[in-house]
Amino acid sequence: MKQKQIIIFLLAAVGLLLTPLILQSFGNAWVRIADMALLYVLLALGLNIVVGYAGLLDLGYVAFFAIGAYMYALLASPHLTENFPAIAAMFPDGLHMPIWVIIPASAGLAGLFGVLLGAPTLRLRGDYLAIVTLGFGEIIRVFMNNLDRPINITNGPKGMGEIDSLSFFGLNFGHSIEIGGYEIASVSLYFYLFLVLVLFSVLISHRLQLSRVGRAWMAIREDEIAAKAMGINTRNLKLLAFGMGATFGGVSGAMFASFQGFISPESFSLMESIMIVAMIVLGGIGHLPGVIMGAIALSALPEVLRYVADPLQSMTGGRLDAAILRQLLIASAMIGVMLVRPRGLWPSPEHGKSLASTKP
């Protein structure tokens, strides 16, 4: 049995390593779809800590995604040196911070904002918590949209460009490399980077789930009053869940800014938060394989359905808009999955089941 698992593991590893190279032969657009799918997996894993483990419905998670992205953009673009003469005097060659500074800064700032969001909402549950977190996400987006005057910090609705690509031990992910006469595109390099981050995040999430902290989160999720009666410090554990989930979002945002090279407030709308929550619900709340499956399905499906929507639009003589038709197909697919598998595509076997009773 163990030998069979090792073979399956090795085949999966080889498949993941070859995926971007195979997709690259069909065009870099397909690799970009895979890259964005991995970014959404990273976001879904972070939100799963808050929603899946601790049972706290967070509809403003995209705010931490935005915070991480803007932190990376500020530290790895000419924006600050162009708008602040004092910074330009300190860094005459431009502010191009290394990855060792940017990633911890993005994760730390997002984690701090996660704790700040969690502190006022400790007494809230259910719908009330969802409304407050939704408002927090919109406040952050509005701030990013308006912090261009009187002091230009975020460049407002025009967004921030000329963002540096990641550079790691002399390897610039913004340029393709050639190995043995075979060219590996920049998007394929980012695929491997995002894959490593996803695997590391899965390992952290899995260890958290099995730890005492993870068990305490699940106790809070099932019955907060009973958890508090058993001596669990619900306040600190809730803040820890918000902070850790936000940290994942900050790292994801930094990767997104590096990958895109341009960010604007439009990338961090409310629909993004709802989409990430939908990924967790569709895949299976609190179950890592299900969360990953849901994130891949909902991030890649809209792009794949472009090739279905365009022919259907042609069949109707152009009377149906392809974008609206694509959203209709996605919604129909989600409704169908929820009807057939109401607990998600790959639900946790323990979630929702009571412990087996023992007879005396």
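**Pocket and aromatic pairs**

Reply: Of the lining of the largest pocket, the largest share, nine residues, comes from α8, helices being DSSP runs of H or I with at least four residues, numbered from the N terminus. This is a predicted model, in which local features need pLDDT of at least 70 and side-chain atom pairs count only at pLDDT 80 or more, while totals for chains, interfaces and linings use all residues. Residues are numbered from 1 along each chain as its sequence is written, and side-chain values use heavy atoms, with hydrogens and water left out.

Me: By class, which residues make up the lining of the largest pocket?

Reply: The lining has 27 nonpolar, two polar and no charged residues, where Ala, Val, Leu, Ile, Met, Phe, Trp, Tyr, Cys and Pro count as nonpolar, Asp, Glu, Lys and Arg as charged, and the others, Gly among them, as polar.

Me: Why is the pair of F191 and Y192 edge-to-face?

Reply: A pair of aromatic rings is described by the distance of the centres and the angle of the planes. Rings of Phe, Tyr and Trp (its six-membered ring) pair if their centres lie within 6.5 Å, with planes under 30 degrees apart counted as stacked, over 60 as edge-to-face and the rest as tilted. The structure holds twelve aromatic pairs; in the one formed by F191 and Y192, the centres are 5.9 Å apart and the planes at 85°, so the pair is edge-to-face.

Technical notes:
Helices (H or I, at least four residues) and strands (E, at least two) are DSSP runs, numbered from the N terminus.
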